[in-house]
Amino acid sequence: MASATWNIDPTHSGIHFTVRHMVISKVRGSFRQFSGTVSLDEQNPAASVVSARIETASIDTGVDQRDAHLRSPEFFEVEKFPAISFQSTKVEKSSGNSFRVTGKLTIRDVTREVVLEAEQLGIGKDPWGNIKVAFEAKTSIDRRDFGLKWNQALETGGVLVGEKIEIALEIQAVKAQGSEKAA
């Protein structure tokens with residue numbers, strides 16, 4: 001099998017997150033604008049490369065006031081830091097269609113290593129002849145590690161916004177024309 005480059009299809013993909021709110025519940029959200037590529041070498045997964053860019057202003061939790069706060073300098077400071085980026089540094093096949101993708105995640109002006117637990121869900125052709133591949137991936141981060149430190153103490157104990165952010169990716173990508181190379 002050959003290696004190929006795949007472009008993330010944002011129409012059929014999602015970048016979602018979950019965070020604790022007031023200790024007792026969870027808030028879910030997503031980013032609506034993002035792009036990226038997967039250079040997939042099925043013969044040699046270690047030669048594979050993943051890169052992505054997420055537009056921070058596209059954050060959407062379904063509540064305009066909360067989204068405006070998340071875009072402010074207390075959180076993402078979108079005017080100064082318009083994007084979150086990810087660049088893989090290592091791809092390892094775990095078992096079957098499962099992979100560990102290690103890479104550099106940059107939020108604001110802080111870069112940290114993260115590991116995505118990923119699974120390739122399949123490859124198929126759409127009705128228009130485009131070859132597509134699908135992946136799911138997940139990880140969690142401590143938002144404080146990336147300078148997202150705003151919080152408010154609750155009189156009942158705990159804080160308004162949890163530190164741990166669960167991240168879930170649902171990615172469908174289309175094979176770039178002429179990208180296939182012999183392995």
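Predicted model: local features only at pLDDT ≥ 70, side-chain atom pairs only at ≥ 80, totals over all residues.
**Exercise 1. The overall picture**

Find how many helices and strands the protein chain has, and in what order they come.

*Solution.* Start by counting: the chain holds 1 helix and 11 strands. Next, read along from the N terminus, where the order is β-β-β-β-β-β-α-β-β-β-β-β. Then turn to burial: of the 183 residues, 42% count as buried. For the surface, the accessible area comes to about 10,300 Å², and carbon and sulfur atoms account for 50% of that. Finally, look at sequence separation: among contacts between residues at least 6 apart in sequence, 55% join residues at least 24 apart.

**Exercise 2. The neighbours of strand 8**

Work out which strands pair with strand 8, in what sense, and over how many bridges.

*Solution.* Begin with strand 8 itself, which spans residues 98-107. On one hand, strand 7 (residues 83-95) pairs with strand 8 in the antiparallel sense, over 9 bridges. A handy bridge to display here links Phe99 to Ala118 of strand 9.

**Exercise 3. Two hairpins**

For the hairpins on either side of strand 8, identify which residue takes a positive phi.

*Solution.* Take the hairpin of strand 7 and strand 8 to begin with: 2 residues lie between the strands, and Gly96 has a positive phi near 55°. Now move on to the hairpin of strand 8 and strand 9. Here too, 2 residues lie between the strands, and the positive phi, near 60°, belongs to Arg108.

**Exercise 4. Placing Val50**

Decide whether Val50 is buried or exposed, and list the residues it touches.

*Solution.* Locate Val50 in strand 5, which covers residues 49-55. Its relative accessibility is 18%. Buried means under 20%, so Val50 counts as buried. For the contacts, set aside residues up to four places away in sequence; Val50 then touches Thr37, Val38, Phe86, Gln87, Ser88 and Val101. To finish, compare sequence with space: Val50 and Trp6 are 44 residues apart in sequence, while their C-alpha atoms are 9.6 Å apart.

Technical notes. Residues numbered from 1 in each chain as written. Heavy atoms only, no water. Buried < 20%, exposed > 50% of the residue type's maximum accessible area, 1.4 Å probe, protein only. Helix = DSSP H or I, 4+ residues; strand = E, 2+ residues; numbered from the N terminus. Pairing = 2+ DSSP bridges. Contact = heavy atoms within 4.5 Å. Areas by Shrake-Rupley, 256 points an atom, 1.4 Å probe, with all protein chains shown as cover.
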